[in-house]
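Me: Please go through this model with me, and set each label against the cut-off behind it.

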Amino acid sequence: MFWSIIAANKRKTVLLIAAMGLFLVLLGAAIGVFVAGDYHPYAGFAGAGIAALVWAVMLLASLYASDSVLLSISNAHQVDRDTYPQLYNLVEEMVIAGSLPAMPKVYVVDDPAPNAFAMGKSPKDSHICVTAGLLAVCGRDELQGVVAHELGHIMNRDLLYMTVAATMLGSMLLISDVFLRSFRYSTMRYTSRSRRSSGKGAVVILIVSLVLAILAPILARILYFSISRKREYLADATSARLTRYPEGLASALEKIGGSTEKLVAARSVTAPFYIVNPTKQSLHDSVFATHPPLSARIKVLRSMAGGAGYLDYMKAYIQVTRKRQALIPAADLKGAGKVEIRAANAAGPAAGLTAAESRRRAGDIMRAVNKFAFVTCQCGLEIKLPPEYAGDTVSCPRCKRVHSVIRPGAKATGAVLSASAAMNASAAVRPESVAQDYSGPGHAGVQQEKLNPGKWQTITCHACGRPYEISPSFGSRKLVCSGCGSLILFSPASEAVHHKRG
Amino acid sequence: MKCPQCSDILITLEFDRIEIDYCPRCEGVWLDSGELALLLAREGGSALVGTFRPVSGKERKRTCPICSRAMKKILAGGNGSILLDECPDHGLWFDRGELKKTLAAGCSGIREEGREDSLTRLLDEIFVPCGEESR
Ligand SMILES: [Zn+2]
Ligand SMILES: [Zn+2]
Ligand SMILES: [Zn+2]
Ligand SMILES: [Zn+2]
């Protein structure tokens, strides 16, 4: 734990709230004087009062409602152990590794662009969100790296600061926008008046308030963005240590950065929350970048030669960025033990997934989250039934075979397991493997299998143990386990070869 | 999503990386705008979209299954013989058989020697029972 960083984060949050409050009150006063100063002597105070009120409302909103607002902007659907065990269990593993006091709520965001973010005011009440696109392209090691990075933000108390800063930034933009509007409206009135009234004094007030209004959002942005950059490196360091496998996050960042999908749900105000800035893919370092350049973050992670601990990250960080200033205060590094880098789990999906393929995978993950039922017909046609579909059976439009519909429903894994055991006694159901479904090799969002075209193949569902015989003429890219509803994806053997390794 | 024609629930079908929404009752097909572009790009038949012309149809107006707004009537195909419903934001609705006709029209123009009309073949693969396959 970075105790001094946590303490500094808390201090900075209070300071930021106070500084922004003061700034808003000054801005409000300036606007008041400018707009109505000639008619009402107390206009400045009124303006300050209104600004203070806006500030207070924004502050309360940022403390009590921001999570739900930001989550709803982002199209997030909550999942739990029953609805999405692969992801939930992986988060839980990392929560245990980082000894967080409580399990964060886990969400899948309906978006084909790969990305992730976390939210929350304290480690006891936090949210972690990954997009369907991320689940589609990442293997288990990569997803683990991303999840651990987000937990790093939660552990380092970055999120309260970021939430407050985001809301404050929003309110500043709002107030200065109102001001600039009123300025446009009143310039004509002002020039006709300037000859008879206070002259110089009014001009000074005008200039000062204009400068304030223009500077406010810029200042707020620089302050807010420059701080969130260092946090990204720190969260990367935490991720490396928790996963003991820096390459996982490095490879995930590469996939996220290389994606051509544009995040639909992202707004500039929510941008700093994401693991990779969703609004602009800037390769160069700029003052306005919320995130350090991706290439540098990946390089640091890949330069961690000696181990996965904080000291190793620090060494790599200094070597890559050539920055002298300490990323992690010396006090926090005391007692940071040696952490060995672990071996890789099986490789994730190929790096060379086409945009169309990863989009389709993301779509299926979203359907699974939204409780669609999946039926794979023996003829190779895949049928996806929305939860509103009323029938208990569906007939394949291609070959007219009739299939019974197994709904993912609220009962999910445990209950379906027994139901399926009763329904199909021939399926080898191994209850003990349910607990390990997430530790199966190479799958994160979904189970991955290589397809050998033209050959018979036996595969087993990692979640419930049901075996499948895949016929040589199997035409589909995926199979939905009729025992538990888990998604199993097939990639042709040739595709998986192109997997990039650092 | 509900069928614009008969209000039944649409189901999604996937075959060989093509995804369509299908009404089990009236056998109409909904294509998301992105999905249509994908289909056409794959076949080099993007010219098809160029043949779409808006028209004031007498046929009953239907509503988009995604946004529930009234869809526009358009004419497609070289001789403008196929009447389709389009939501500019979300996609296209094809009554039973119309998708096949449209794709056949769209691909006939670009067919060169050796180039198989694989779109229509694919639709055949989706809807023609395995036993009746002539290949
Ligand atoms: Zn079938
Ligand atoms: Zn299963
Ligand atoms: Zn219908
Ligand atoms: Zn629409």
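Predicted model: local features only at pLDDT ≥ 70, side-chain atom pairs only at ≥ 80, totals over all residues.

Me: What makes the arrangement around the zinc ion (ligand 4) tetrahedral?
Reply: Its 4 donor atoms subtend angles of 100 to 118 degrees. Four donors count as tetrahedral if all angles lie between 85 and 135 degrees, so the arrangement is tetrahedral. For four such donors the ideal angle is 109.5 degrees.

Me: Which atoms coordinate the zinc ion (ligand 4)?
Reply: They are B:Cys64 (SG), B:Cys67 (SG), B:Cys87 (SG) and B:His90 (ND1), at 2.0 to 2.3 Å. Donors are N, O and S atoms within 2.8 Å of the metal (3.2 Å for Na, K and Ca), and because water is not among the atoms, sites may look incomplete. Along the chain these donors follow the spacing C-x2-C-x19-C-x2-H.

Me: Why is B:Cys87 called buried?
Reply: Its relative accessible area is 5%. Buried means under 20%, exposed over 50% and partly exposed in between (1.4 Å probe, protein chains only), so B:Cys87 is buried.

Me: How do you know the geometry of the zinc ion (ligand 3)?
Reply: The 4 donor atoms there subtend angles of 100 to 124 degrees, so this arrangement is tetrahedral too. The donors are B:Cys3 (SG), B:Cys6 (SG), B:Cys23 (SG) and B:Cys26 (SG), 2.1 to 2.3 Å from the ion, and their spacing in sequence is C-x2-C-x16-C-x2-C. B:Cys6 lies in the segment before strand S1 (11-15) of chain B and B:Cys26 in the loop between strands S2 (18-22) and S3 (29-32), so the pair ties together parts that are 20 residues apart in sequence. Strands (E, at least two residues) and helices (H or I, at least four) are DSSP runs, numbered from the N terminus.

Me: Which residues touch the most other members of the largest nonpolar core?
Reply: Of its 61 residues, these are A:Leu87, A:Val147 and A:Tyr313. Helix H6 (residues 140-155) of chain A gives the most to this core, with 7 residues. A nonpolar core is a set of buried Ala, Val, Leu, Ile, Met, Phe, Trp, Tyr and Cys residues joined through side-chain atoms within 4.5 Å.

Me: What makes strands S1 and S3 of chain A edge strands?
Reply: The open sheet has 4 strands in the order S1-S2-S4-S3, with mixed pairing. Strand S1 (76-79) and strand S3 (116-122) each pair on one side only. Two strands pair if DSSP finds at least two bridges between them; S2 and S4 of chain A have 5 and run parallel.

Me: Why is A:Arg244 called partly exposed?
Reply: Its relative accessibility is 36%, so A:Arg244 is partly exposed. A:Arg244 sits in the loop between helix H8 (200-243) and helix H9 (246-258) of chain A, and its phi is near 55 degrees, a positive value in a residue other than glycine. Most residues other than glycine have a negative phi.

Technical notes: Residues numbered from 1 in each chain as written. Chains lettered and ligands numbered in written order. Heavy atoms only, no water. Tetrahedral: all angles 85-135°; square planar, octahedral: opposite > 155°, others 65-115°.
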